[in-house]
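Please read the points below with the model open beside the text. They are set out as a colleague's note for someone who is meeting this structure for the first time.

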Amino acid sequence: MITPYLWRSMLYVPANRPSRLQKCARYGADALILDLEDSVPDSEKAESRLLLKQALKEPIWDSAELYGSNGGSERVDLFVRINAMRTRYWREDLEAVIPEEIFGLKVPKVEEPTKVEELDHAISRIEKASGIEEGRTKLLLSIETAKGLLQLSAICAASARVIGVGFGSEDFMTDTGIDRDNLRYARMQMTLVVKAFGLYAQDSVYPAFSDLEGLKQETEEAKRMGMDGKTAIHPNQIETIHSVFQPSDALLEKAGEICRMAEAENGRVFNYHGEMVDRPIVERYRRLLQRSREN
Amino acid sequence: MSEVFRSGTEERGDILIQIEPLTNQPFAACENQIEVRSRYESLFGEHLRRLVDRLIAESGLKGYRIFASDSGAWDYTIKARFESCLRALNRSNT
């Protein structure tokens, strides 16, 4: 099944560093993950949350790559990585960022479907209180433990907000004792389950950010496994990831058809072979075509 | 010894803000002592001072020493760092 989500790369950006927040949209990643979790020490959680909330209100999220031929610019898709639900921080993270204009949350260390349900309800409450359309905030879940991987089917089915799942290799290695060279089975198992649900499958970061050859090999492997994209921890990884995750001919053909139909429908929601297509979906396919032309 | 409330850093793009109660000084209850420095004084010094003054006025702070050391922070960073300091101060006062 072809996922409607088209992010080849997502760049992690620490939410406690103003200079990074100011520049990150210009690096050309397809989406950004603004991180309140691992890159922020406990002593800085509260002030980083406030900093991020203020930053999200600013016009600093226009992607250089998305500048259109009309000279305009577009906001890059933003995810916020909240703190894990076993910490005392995640509820305050939600209160701070849900009312702002974000695409969704990256949720670390997901292990139980009941936790996803609990998260869904907590988000709904904030969306309602903030006057936001219920269901706007999407979830990109991160599997980082053996327990999470074994529960993945139930986790994917736990909320309609779930649009994808990412693999967190560093924590997975810590949890299981498996070394990096032997993660293929787990990455593949995750991808199979995610694809069965028609969701977006995302590979983990490649931590050696100056080793672009190693990054390329791991990204090619992820693509062969059926994954749709990969996270980056350094801007210099983006180009390599993009060079590997070029869209397939089938996907480009679908994008072309959807864009033509959208034009004919003139902004109305329409049915594409049983798939509901609305404005944000059309926009993603339009971007895909634009990127593929540029490449 | 009075407690100092701090937020931010002196890294590029950031601002360090410190707030501490003025003690043993005349008129401490109704005046603030404000010190603002910037690496980019000639470019943004005036704007920074106006913003800091506005944030202090909005907060209703009286009787504090407020120190800001700017390393090129944008307005949203200045507002966030100031609010962090205020929250810490309010937590300590309750």
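Predicted model: local features only at pLDDT ≥ 70, side-chain atom pairs only at ≥ 80, totals over all residues.

Which residue in S5(A) does Val107(A) stand opposite?

1. Val107(A) stands opposite Leu141(A), a residue of S5(A). Strand S4 (residues 104-107) of chain A and S5(A) pair in the parallel sense, over four bridges; here two strands pair if DSSP finds at least two bridges between them, and strands (E, at least two residues) and helices (H or I, at least four) are DSSP runs numbered from the N terminus. Between S4(A) and S5(A) the chain crosses through helix H4 (residues 113-129) of chain A, and this β-α-β crossover is right-handed, a term used if, with the strands pointing away from the viewer, the path from the first strand over the helix to the second runs clockwise.

2. Residues are numbered from 1 along each chain as its sequence is written, and chains are lettered from A and ligands numbered from 1 in the order in which they are written.

3. In chain A, eight strands close into a barrel in the order S1-S2-S3-S4-S5-S6-S7-S8, with parallel pairing. On average, neighbouring strands of this sheet are turned by 25° against each other, direction ignored; axes are lines fitted to C-alpha atoms, for helices over the stretch in contact, and angles run from 0 to 180 degrees between N-to-C directions. As one example of the pairing, strand S2 (residues 31-35) of chain A and strand S3 (residues 77-81) of chain A run parallel over five bridges, and Ile33(A) stands opposite Phe79(A) in S3(A).

4. Strand S5 (residues 138-143) of chain A is joined by five bridges to S6(A), again in the parallel sense. Ser142(A) stands opposite Gly166(A) in S6(A), and the bridge partner of Ile143(A) is Phe167(A). On the way to strand S7 (residues 200-203) of chain A, S6(A) contributes three parallel bridges, with Gly164(A) opposite Tyr200(A).

5. Five of the six residues of S5(A) are buried, so this strand is largely enclosed by the rest of the structure; buried means under 20% relative accessible area, exposed over 50%, and partly exposed in between, with a 1.4 Å probe and protein chains only. In strand S6 (residues 162-167) of chain A, six of the six residues are buried, so S6(A) is likewise largely enclosed by the rest of the structure.

6. The axes of helix H8 (residues 184-196) of chain A and helix H9 (residues 212-225) of chain A come within 10 Å and cross at roughly 40°. H8(A) and H9(A) are therefore oblique to each other, since angles under 35 degrees count as roughly parallel, over 145 as roughly antiparallel, 65 to 115 as roughly perpendicular and the rest as oblique.

7. The domain assignment divides chain A into domain 1 (9-244) and domain 2 (246-295), and the C-alpha centres of these domains lie 24 Å apart; such bounds come from an automatic or database domain assignment.

8. Chain B holds an open sheet of four strands in the order S1-S2-S4-S3, with mixed pairing. Its edge strands are strand S1 (5-7) and strand S3 (33-38) of chain B, each pairing on one side only.

Note on methods. Heavy atoms only, no water.
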